[in-house]
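Subject: Structure handover

Hello,

Here is the structure I promised to pass on. Please open it first, then read my notes below.

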Amino acid sequence: MSDDTASALDAIATRLVDDDLVRVTRFDFAPGAETGWHVHEYDYVITAVTDCELGLQEPGGASRNVRVAAGDAYRRDAGVSHNVINSGTSPMAFVEVEIKPQRA
């Protein structure tokens, strides 16, 4: 996922904000590109920049395809484990906002 070690099939992750409150990352995918397996440390929100055809590989061998229209968003809790793949034929992009625990 890192810009420094990206191969032809790695999604490009561009960190936009990383402070005490949130971590915001834009992900750009060529067709067939993927994030690689990862576990989400924080609750997060995804907003599609383009129409996204997400191929989701999940633990235990499960997989599914999800379409997220440009401008649509969804939220998930921390602990989600998956590999995200652009299963479409066009480049796709989304912005992920991770919500860090708030200090009292």
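Two strands count as paired if DSSP finds at least two bridges between them. E4 and E9 meet that cut-off, with six bridges joining them in an antiparallel run. Please keep in mind that this is a predicted model.

**The sheet**

Five strands make up an open sheet. Their order is E1-E2-E9-E4-E7, and the pairing is antiparallel. Strand E1 (12-18) and strand E7 (73-76) are the edges. Each has a single partner strand, so one side of each lacks a neighbour in the sheet. On average, neighbouring strands of the sheet are turned by 20° against each other, direction ignored.

- E1 and E2 are antiparallel and share six bridges. They form a hairpin, with three residues between the two strands. Ala13 stands opposite Phe27 in E2.
- E2 covers residues 22-29 and E9 covers residues 92-99. Eight bridges join these two antiparallel strands. Val22 has Ile99 of E9 as its bridge partner. Arg26 faces Val95 in E9. Phe29 stands opposite Met92 in E9.

How many residues of E9 are buried? Six of the eight are, so E9 is largely enclosed by the rest of the structure.

**The aromatic residues**

There are two aromatic pairs in the structure. In the pair of Phe27 and Phe94, the ring centres are 5.4 Å apart. Their planes stand at 35°, so this pair is tilted. Phe27 belongs to strand E2 and Phe94 to strand E9, so the contact ties together parts 67 residues apart in sequence. Phe27 and Phe94 are both buried.

The other pair is Phe29 with Phe94. This pair is tilted too, at 5.5 Å centre to centre and 35° between the planes. Phe29 lies in E2 and Phe94 in E9, so parts 65 residues apart in sequence are tied together here. Phe29 is buried, as is Phe94. Phe27, Phe29 and Phe94 form one aromatic cluster.

**The cavity**

What does a search of the whole structure find in the way of cavities of 30 Å³ or more? There is one. The largest cavity has a volume of about 70 Å³. Thirteen residues line the largest cavity, and the closest to its centre are His38, His82, Val84, Phe94 and Glu96. Phe94 therefore turns up here as well as in the aromatic cluster.

Which elements give two or more residues to the lining of the largest cavity? They are strand E4 (43-48), strand E8 (81-86) and E9. By class, this lining has eight nonpolar, four polar and one charged residues.

**Where to look**

I would start with E9. This strand sits between E2 and E4 in the sheet order. Phe94 of E9 takes part in the pair with Phe27 and in the pair with Phe29. E9 also gives two or more residues to the lining of the largest cavity.

Best wishes

Technical notes
Residues are numbered from 1 along each chain as its sequence is written. This is a predicted model: local features need pLDDT of at least 70, side-chain atom pairs count only at pLDDT 80 or more; totals for chains, interfaces and linings use all residues. Side-chain values use heavy atoms; hydrogens and water are left out. Helices (H or I, at least four residues) and strands (E, at least two) are DSSP runs, numbered from the N terminus. Axes are lines fitted to C-alpha atoms, for helices over the stretch in contact, and angles run from 0 to 180 degrees between N-to-C directions. Rings of Phe, Tyr and Trp (its six-membered ring) pair if their centres lie within 6.5 Å; planes under 30 degrees apart count as stacked, over 60 as edge-to-face and the rest as tilted. Buried means under 20% relative accessible area, exposed over 50%, partly exposed in between (1.4 Å probe, protein chains only). On a 1 Å grid over the protein atoms alone, a cavity is a set of points where a 1.4 Å probe fits but cannot get out, and a pocket is an open set with protein on both sides within 12 Å along at least five of seven lines; lining residues have an atom within 4 Å of a point. Grid points are joined across faces, edges and corners, and a volume is the space filled by probe spheres set on the points. Ala, Val, Leu, Ile, Met, Phe, Trp, Tyr, Cys and Pro count as nonpolar, Asp, Glu, Lys and Arg as charged, and the others, Gly among them, as polar.
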